[in-house]
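Morning, everyone. I'd like to talk through one model today, starting with its rings and ending with its domains. Please have the view open.

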Amino acid sequence: MKAVTAEVAKIDRPAKKKASRFFSTMLQQRYLYLMSIPFVIWVFVFSYLPLWGWTMAFQKFKPAKSFFEQDWVGFDYFKELFHDDTFFQALRNTLAMSVMGLIAGFTIPIILAILLNEVRQQMFKRVVQTISYLPHFVSWVVAAGIISKMLSTDNGVVNEVLVGLHLIHEPIQFMAKGNLFWSIVTASDVWKETGWNTIIYLAAIAGIGPELYEAARVDGASRLQQVWHITLPGIRSTIIILIIISIGHLISIGFEKQFLLGNNLVRDYSQTLDLYALNYGLGMGRYSFGTAINIFNSVVSVILLFTANGIFKKITKESII
């Protein structure tokens with residue numbers, strides 16, 4: 001009996017030490033914990049408390065009735081969702097634009113950050129940085145107007161240039177061609193966000209020790225070799241973390257760009273899952289159906305996040321969870 005008690009005491013001792021260390025650290029950093037309380041409350045109120053609304057997806061929800069008066073229908077709305085051809089069309093559009101945006105939205109900012117890092121004229125570098133990230137501060141309402149005007153057949157800049165270079169014989173109706181819509185959205189997003197995303201990579205590059213570049217130059221490495229063997233490995237962790245986070249949001253790309261740039265002529269290519277939930281859920285007063293769509297988005301996003309994190313953890317030993 002004494003031996004068993006001694007073994008239990010040995011097991012409990014590390015746990016007690018960890019708890020003691022935790023409370024000691026908490027006491028030392030009490031002001032930091034106090035500063036974080038408002039943000040914890042904000043996250044709880046706006047991110048976790050609304051999860052109670054998910055119960056609407058399992059009810060035939062009517063706003064006039066209280067929670068206990070609602071009619072429960074189980075998974076009926078999810079069955080209806082997976083038997084709707086429009087849902088699969090919206091899913092196709094969402095995944096297509098997400099993958100295109102993920103590829104372009106990562107490669108181009110990284111390339112721009114590396115090019116800017118190689119620039120030695122600081123004034124030119126600052127000017128390019130400022131011009132490239134200014135579109136980020138323009139709302140999508142204004143940006144969509146600019147893009148539509150540039151692609152217009154009536155004195156649009158793009159058509160004027162293409163006709164002037166004799167690449168086309170007559171203006172192209174870009175905004176009326178569904179097969180071009182995904183590319184237009186992707187290019188618009190790249191134009192608007194590339195400069196802003198570049199800032200993150202420039203900050204990561206700035207953290208690489210200059211002595212590594214000096215040693216590489218002494219060994220006779222070219223600029224391209226320095227980029228490949230020093231710069232890219234130096235920002236690998238940043239790239240992987242951002243990729244994992246972006247994959248987690250792969251299916252939740254919003255609807256602002258598609259709603260503002262789309263029209264009835266390209267509806268089959270512009271409707272995303274969020275826009276589908278807005279039109280067929282809230283727009284038609286079918287709150288339970290709209291909630292079912294959002295639950296699907298959230299569950300798939302969580303699965304993608306954990307899957308991407310697990311894959312990168314095995315391959316690169318990098319993880320965010």
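**Rings and domains**

There are 19 aromatic pairs in this structure. Keep in mind that the model is predicted.

A stacked pair needs planes under 30 degrees apart, and an edge-to-face pair needs over 60.

The cut-off for exposed is over 50%.

Next pair: Tyr133 and Phe137. Here the ring centres lie 6.2 Å apart. The planes are at 70°, so this one is edge-to-face. What about accessibility? Tyr133 is at 25%, so Tyr133 counts as partly exposed. Phe137 is exposed, with a relative accessible area of 54%.

Now a cluster. Which residues do ring pairs link together? They are Phe82, Phe87, Phe88, Tyr276, Tyr280, Phe289 and Phe296.

Arg286 lies over the face of Phe289, 4.3 Å from the ring centre. A second case of this kind involves Arg92 and Tyr269. The charged end of Arg92 sits over the Tyr269 ring, with 5.3 Å to the centre.

On to the domains. The assignment for the protein chain gives domain 1 as 18-72 and domain 2 as 75-316. Their C-alpha centres are 31 Å apart. How many residues make the contact? Domain 1 gives nine residues, and domain 2 gives nine residues.

Now the interface area. The size of an interface is often given as the accessible area lost when the parts come together. For domain 1 and domain 2, the buried area is about 770 Å². Of that, 74% is on carbon and sulfur atoms.

Which residues of domain 1 lose the most area to domain 2? Trp54, Ala57 and Phe58. Together they make up 63% of what the domain 1 side buries.

Methods: Residues are numbered from 1 along each chain as its sequence is written. This is a predicted model: local features need pLDDT of at least 70, side-chain atom pairs count only at pLDDT 80 or more; totals for chains, interfaces and linings use all residues. Side-chain values use heavy atoms; hydrogens and water are left out. Rings of Phe, Tyr and Trp (its six-membered ring) pair if their centres lie within 6.5 Å; planes under 30 degrees apart count as stacked, over 60 as edge-to-face and the rest as tilted. Buried means under 20% relative accessible area, exposed over 50%, partly exposed in between (1.4 Å probe, protein chains only). A charge sits over a ring if NZ of Lys or CZ of Arg is within 6 Å of the ring centre and within 35 degrees of the ring normal. Domain bounds come from an automatic or database domain assignment. Contact means heavy atoms within 4.5 Å. Buried area is the accessible area (1.4 Å probe) that two parts lose on being put together, summed over both.
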